[in-house]
Amino acid sequence: MSKIVVFCRKVSIFFLKKQKKWCVLLFFNKNGLSLRPNLRTMATNVSISDAAINLLKQMIAIPSVSRDEQAVADLLEDYLKRQSSVEVHRSGNNLWLIAPGYDTQRQTLLINAHIDTVKAVASWTYDPFQATEVGERIYGLGANDDGASLVSLMHTFLSLEKVPLPYNLIFLASCEEEVSGQNGIAAALPLLPHIDVALVGEPTGMNPRIPGGVRVAVAEKGLMVMDGTAHGKSGHAARNEGINAIYLALEAIGKLRDYRFAKESPLLGPVKVTTTIIQGGTGHNVVPDSCTFVTDVRTTDAYTNQEIVRQLQELVAPVELVPRSVRLQSSGIDAGHPLLKTIQQVAPAATLFGSPTLSDQALLSCPSLKMGPGDSARSHTADEYIEKQEIRDAIFLYTQILTHFKF
Ligand SMILES: [Zn+2]
């Protein structure tokens, strides 16, 4: 590792034993980012960032679409076994590490990011499965979502392994996030100790180089997919008979479109209800006796998913409306939570926002927030990329947050 030789508020000079070279770190203070160098952790950040970036490039080269993450999980397991001094736990394609000094009397912070990607869209101009470096940018599938957060959080954990912290720290690399799969974080959580709060690494635009650029999602919408069925009575279209199920379904869909829930979330706004699929009828001369439709419901912290189901079912009755699952709840963290307070101490100009997109937070029952390098707008798009500096900044900020945090 490294040895600090000179250290003051502005500059730190140290020797990297492995690379046999001297390094100088300059600390700056701009855009409200309060950089408070931590003597124990900052000295190794240059080599740690290089390691994180190298690992990201290796990950990109291994296709890891949801439910097919074994090869990338193998790579990470092998890497962690070589780099970490603590036991590497694995169940399926989920991997986790518990920092030394775990104590049931103390509260636990989980840091988490996911290892799977969506499928590559057709319009990639770079090879999605090869890390292509163009200046500061690294192009490749999963570079932004969620490889950058994963390698940044992992290397922050590795750099803090030997640092005594006043709380328990667990790092979890989870699979099947993009499909909210049963084998992902949902399968790992019961195997982990109790979690009190979680920081989920996702591309939220955590950029300390622009004013208000450290963006933290303090609330996230939940999701329910609901199947609707209208039952009618068949008959001949030429005669005045039957009950047209398509008309019944249209009436219900209209009610769903116009319904306004009484309560709105201050951060996430109203619950959003959108009918996206409809199917019915067998022939032009047959009054349809059945019509089905699918409604996408983006839920907020103003209601539980179960409360929303009850209201919508009453609204459209006797048309049936059944949720496929109610497990993807809206999530978030209180304004006064010590983790959020610490982030605001480290980055006083941080922007707090409510996120419309779903993450593994939906499956956590504890308070949680989402922050990570990159930009959500680059996720799931052709030529997704991350800037190397975004990873360096992320490791720096995560390290600052974790070393200053206490419950
Ligand atoms: Zn993601």
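Tutor: Let us begin with a cut-off: a residue is called buried if 20 or more other C-beta atoms lie within 10 Å of its own, exposed if 12 or fewer do, and partly exposed in between. Please keep in mind throughout that the structure above is a predicted model.

Student: Is Glu176 buried or exposed?

Tutor: Glu176 has 24 other C-beta atoms within 10 Å, and therefore Glu176 counts as buried.

Student: Where is Asp383 found, and is Asp383 buried or partly exposed?

Tutor: Asp383 belongs to the loop between β20 (368-370) and β21 (385-387), and its phi is near 55 degrees, again a positive value in a residue other than glycine. For Asp383 the count is 17 C-beta neighbours inside 10 Å, so this residue is classed as partly exposed.

Student: How many helices and strands does the protein chain have?

Tutor: The secondary structure of the protein chain comes to eight helices and 21 strands. Buried residues make up 44% of its 407 residues, and, if you take the contacts between residues at least 6 apart in sequence, 75% of these join residues at least 24 apart.

Student: Which residues does a cis peptide bond join, with omega of about 15 degrees?

Tutor: That bond joins Asp145 and Asp146, and Asp146 lies in helix α3. A cis peptide bond with omega of about 10 degrees joins Ala317 and Pro318, and here Pro318 is found in the loop between α6 (305-316) and β17 (320-323).

Student: How is the packing of two helices described?

Tutor: Two packed helices are described by the angle between their axes and by the distance between those axes. In this structure α3 and α8 pack at an angle of about 45 degrees, with their axes 9 Å apart, and they are therefore oblique to each other. The crossing of α3 and α8 is right-handed.

Student: Which residues in α3 and α8 meet?

Tutor: From α3 the residues are Ala148, Val151, Ser152, Leu153, His155, Thr156, Ser159 and Leu160, and they meet Glu390, Ile391, Ala394, Ile395, Tyr398, Thr399 and Leu402 in α8. Sorted by class, the contact of α3 with α8 divides into nine nonpolar, five polar and one charged residues.

Student: At what angle do the axes of helix α7 and helix α8 cross?

Tutor: The axes of helix α7 (residues 338-346) and helix α8 (residues 388-404) cross at roughly 125 degrees and come within 9 Å, which makes α7 oblique to α8. The crossing in which α7 passes α8 is right-handed. Thr342, Ile343, Gln345 and Val346 in α7 meet Leu397, Gln400, Ile401 and His404 in α8, and by class this contact of α7 with α8 has four nonpolar, four polar and no charged residues.

Student: Which residues does Ile343 touch, not counting residues up to four places away in sequence?

Tutor: On that count Ile343 touches Val216, Ala350 and Ile401. Ile343 is found in helix α7 and, with 26 other C-beta atoms within 10 Å, it is buried. Sequence and space can also be compared here, for Ile343 and Leu397 are 54 residues apart in sequence and 8.7 Å apart in space, C-alpha to C-alpha.

Student: How do the axes of helix α5 and α6 cross?

Tutor: The axes of helix α5 (residues 245-258) and α6 come within 9 Å and cross at roughly 135 degrees, which makes α5 oblique to α6. The crossing of α5 and α6 is right-handed, and the contact is made by Ala252, Lys255 and Leu256 of α5 together with Leu312, Leu315 and Val316 of α6. By class, the contact of α5 with α6 has five nonpolar, no polar and one charged residues.

Key. Residues numbered from 1 in each chain as written. Predicted model: local features only at pLDDT ≥ 70, side-chain atom pairs only at ≥ 80, totals over all residues. Axes fitted to C-alpha atoms, helices over the stretch in contact; angles between N-to-C directions. Helix = DSSP H or I, 4+ residues; strand = E, 2+ residues; numbered from the N terminus. Parallel < 35°, antiparallel > 145°, perpendicular 65-115°, else oblique. Left-handed = near helix turned anticlockwise from the far one by under 90°. Contact = placed C-beta atoms within 7 Å. Nonpolar A, V, L, I, M, F, W, Y, C, P; charged D, E, K, R; others polar.
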